[in-house]
Amino acid sequence: MNHILQGKIEEVIGSIHKTIVLDEQGWTSEVRRIFTSDRSYLLKSSYKEKYRTWLKEEAQVLKKLNKKTVISVPVYFGFIEEKDSDHLIMSFEDGMSLTAALSKAASDTERKSLIWSFGQFLHRFHEKEPLEILKGEGDWLEGQLVKAQHHAENGQCDGSLPLLEHLKTNKPAPVIHTMIHGDCTTDNVMVIDGDVQLFIDVAGMTVGDPRYDESLAIRKFMNNPEYVTAFYEGYTRYRVNMEEFHYFDEGLYEFF
Ligand SMILES: Nc1ncnc2c1ncn2[C@@H]1O[C@H](COP(=O)(O)OP(=O)(O)OP(=O)(O)O)[C@@H](O)[C@H]1O
Ligand SMILES: [Mg+2]
């Protein structure tokens, strides 16, 4: 890390003693653990324009949620904008992503228990009274379709324009909106002491259609009926049908 950036980080957290690049990296950023004399922090850095925008959105969400204990997310410490990169400083949380926990699990019983815990964690989140500060402007799905169009026209995603037209004309019947994570895959929740306890990667957290979270949550193990059952033993508030699942999983998500 260059001296100027290090200086700016130290203005926020104090003297840095050690930095480690994490084994588990995301797709869109570089994550490092930074140690000071009394604790450690997670530094998340992005370099490409699109990913810098997401990182900035993530910083805004974390900042809004600081001191709001109703939603379990890392604590926000600071955001640094450089010429070619952006850097978000948050608390380091001792755990691993659910994806990593599932691949490390020693038995199917353990995997089912992790998936059940994910279902329950998401259930509780969707059942909470939405926070005013998370509400966006206008209709959530309309807003997502506008962003999707922008990504498709600029070649920034896998989704095609004909698929987008299909999504625009075949919107699912509306349901009551809830707080949503907005990219609720097994990569973006953390397992701590054997349970899913924390959301990370929260750039898309807002008030929107909970079926989006639900569909992304189950996509990884959709072809394993026992895992799906375990999920819905924890998530009992609603169950997406196949049409809804594909609208979001092989539909809208293709544009993000
Ligand atoms: N606050 C944190 N404390 C500890 N580890 C973290 C924290 N935030 C992220 N990580 C680790 O960094 C990894 C990547 O984080 P994150 O999902 O935020 O990055 P990303 O690049 O946005 O991911 P992607 O683009 O693949 O969704 C996580 O899997 C997790 O292991
Ligand atoms: Mg992620």
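Start with K44: an N or O atom in its side chain sits 2.7 Å from an oxygen atom of ligand 1. Keep in mind that this is a predicted model. Taken alone, ligand 1 exposes 620 Å², and the protein buries 93% of that.

*Who surrounds ligand 1*
- The shell holds 19 residues, and W27, T28, S29, K44 and D201 are the closest.
- Sorted by class, the shell has nine nonpolar residues, six polar ones and four charged ones.
- Domain 1 (3-91) and domain 2 (96-255) each put at least three residues into the shell.
- Two strands to look at are β3 (40-46) and β5 (86-91), each giving the shell at least two residues.

*Other polar contacts to ligand 1*
- S29 brings a polar side-chain atom to 2.6 Å from an oxygen atom of ligand 1.
- With E93 it's the backbone that does the work: one of its N or O atoms lies 2.8 Å from a nitrogen atom of ligand 1.

*The magnesium ion*
- Ligand 2 is the magnesium ion, and N188 (OD1) and D201 (OD) coordinate it at 2.0 to 2.2 Å.
- This pair ties together distant parts of the chain, 13 residues apart: N188 is in the loop between β7 (178-180) and β8 (189-192), while D201 is in the loop between β9 (195-199) and β10 (206-208).
- N188 counts as buried because its relative accessible area is 6%, under the 20% cut-off.
- D201, at 24%, comes out as partly exposed.
- D201 also turns up among the residues closest to ligand 1.

Methods
Residues are numbered from 1 along each chain as its sequence is written. Chains are lettered from A and ligands numbered from 1 in the order in which they are written. This is a predicted model: local features need pLDDT of at least 70, side-chain atom pairs count only at pLDDT 80 or more; totals for chains, interfaces and linings use all residues. Side-chain values use heavy atoms; hydrogens and water are left out. A residue is near a molecule or strand if one of its heavy atoms lies within 4 Å of it. A polar contact is a pair of N or O atoms within 3.5 Å; within protein, one must be able to donate a hydrogen and the other to accept it, and residues adjacent in sequence count only if both atoms are side-chain atoms. Accessible areas come from the Shrake-Rupley method with a 1.4 Å probe; for residues, only the protein chains shown count as cover. Helices (H or I, at least four residues) and strands (E, at least two) are DSSP runs, numbered from the N terminus. Ala, Val, Leu, Ile, Met, Phe, Trp, Tyr, Cys and Pro count as nonpolar, Asp, Glu, Lys and Arg as charged, and the others, Gly among them, as polar. Domain bounds come from an automatic or database domain assignment. Donors are N, O and S atoms within 2.8 Å of the metal (3.2 Å for Na, K and Ca); water is not among the atoms, so sites may look incomplete. Buried means under 20% relative accessible area, exposed over 50%, partly exposed in between (1.4 Å probe, protein chains only).
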